[in-house]
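This report describes the arrangement of strands and helices and selected side-chain contacts. The sequence and the structure are shown below.

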Amino acid sequence: MLTFSSRNLNEDCSAVMPGREERGVPIEAEAALERLRAFAKVPAVALVDSDARIYLANGGTKLAVQNENGRLYAQRVPESAHTADQQTPEEIVGFLTGEQAVAFQMSQDNPPEFMPAGPSHWRSRLNTGWIAGVLAVVAVVVAYYTFAPAVPAGIQMISDPVRVASLHTKFNGRYGDAALAGSTTFLVENGRFIVQPAGEAGVPGEPLMDSSYRYGLRGDDVVLVVANGAVLEPGKDGSLRFNDAAYPRISSR
């Protein structure tokens, strides 16, 4: 029997539900598998501005699971001490139950961790030091110019560098309500899109999401298209809107 917890998800993990938490509930492996599969199907746009997460445990082993653009990434708890690696729902449950062989890294000084395969191997190897920092900057730059989840219907991307620079000057800034408890803010800065909890005294906390965005045209209106496909629409009052939520501009940086 596994132990299930979740954050900001509904009961079956098929939709985001801000503020809802479920903690330490016993769950059968098959039921856990169904919830992981449902979580993987949550649309990327629904996950913007939401730190949705599943926790599964068996004995002393506990995994935190996130959805990144339809892919599940699992990491051992405490999360700050381990890297997150892409895993299927079957691999996650199989690892916890011991019913499926999952390669993991073992040393005398460190607890077991998932051994990434293929491209994700580099994600683990280069997760420390200046190399990771350099690669992160390169990734943001490359993603800004070349990322392509399919462009949302009805939007024409803007590629003119002069116009892009002008739009940066217009839209760069921090948006949200830093004074509202439990809220999140996001930073729009030269093609980089960072979502952060408001934190105490209005000081942003650790990033929940660090991505890229581009500008596009929906008819005659400029919109911001985040790398996961979310579309932000500028309001006449200087705010940015996502679906029915409006985020006022806090500062120009």
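## The open sheet

In this predicted model, Leu 2 stands opposite Ile 27 of strand E2. The two strands concerned, E1 (residues 2-9) and E2, run antiparallel and are joined by six bridges. Strands of a sheet pair through backbone hydrogen bonds, in either a parallel or an antiparallel manner.

The open sheet to which they belong has six strands, in the order E2-E1-E3-E4-E5-E6, with antiparallel pairing. Its edges are taken by strand E2 (16-27) and strand E6 (85-86); each has a single partner strand, so one side of each is left without a neighbour in the sheet.

## Helices packed on the sheet

Six bridges connect E1 with E2. Helix H1 (residues 29-40) packs on the sheet and touches E1, E2, strand E3 (53-58), strand E4 (61-68) and strand E5 (71-76). The direction of H1 makes about 160 degrees with that of E3.

Helix H3 (residues 89-97) likewise packs on the sheet, where its contacts are with E1, E3, E4 and E5. For H3, the angle is given relative to E4 and is about 175 degrees.

## Salt bridges

The structure holds nine salt bridges. One of them is formed by the side chains of Arg 35 and Glu 22, at 3.9 Å from N to O. Arg 35 lies in helix H1 and Glu 22 in strand E2, so this pair ties together parts that are 13 residues apart in sequence. Arg 35 counts as buried, at 18% relative accessibility, and Glu 22 is buried as well, with a relative accessible area of 14%.

A salt bridge of 2.8 Å (N to O) also joins the side chains of Glu 90 and Arg 37. Because Glu 90 belongs to helix H3 and Arg 37 to helix H1, the pair ties together parts that are 53 residues apart in sequence. Glu 90 is partly exposed, with a relative accessible area of 32%, and Arg 37 counts as partly exposed at 30%. Asp 210 forms a salt bridge with Arg 192, the closest N and O atoms being 2.5 Å apart. Here Asp 210 is in strand E13 (residues 209-218) and Arg 192 in strand E12 (residues 192-197), so the linked parts are 18 residues apart in sequence. Relative accessibility is 41% for Asp 210, which counts as partly exposed; Arg 192, at 33%, counts as partly exposed.

Is Arg 53 buried or exposed? At 11% relative accessibility, Arg 53 counts as buried, since the limit for that class is under 20%. Arg 53 is found in strand E3.

Two kinds of side-chain interaction involve this residue. Arg 53 is linked with Arg 7 and Asp 51 in a network of salt bridges, and a polar contact of 3.3 Å joins the side chains of Arg 53 and Gln 66.

Ser 239 is placed in the loop between strand E15 (231-234) and strand E16 (240-242). With a relative accessible area of 3%, Ser 239 is buried.

The side chain of Ser 239 makes a polar contact of 2.7 Å with that of Asp 237. Leaving aside residues up to four places away in sequence, Ser 239 touches Tyr 175, Glu 233, Pro 234, Ala 246, Tyr 247, Pro 248 and Arg 249.

Note on methods:
Residues numbered from 1 in each chain as written. Predicted model: local features only at pLDDT ≥ 70, side-chain atom pairs only at ≥ 80, totals over all residues. Heavy atoms only, no water. Pairing = 2+ DSSP bridges. Helix = DSSP H or I, 4+ residues; strand = E, 2+ residues; numbered from the N terminus. Contact = heavy atoms within 4.5 Å. Axes fitted to C-alpha atoms, helices over the stretch in contact; angles between N-to-C directions. Buried < 20%, exposed > 50% of the residue type's maximum accessible area, 1.4 Å probe, protein only. Polar contact = N/O pair within 3.5 Å; in protein donor to acceptor, adjacent residues only side chain to side chain. Salt bridge = Lys/Arg side-chain N within 4 Å of Asp/Glu carboxyl O.
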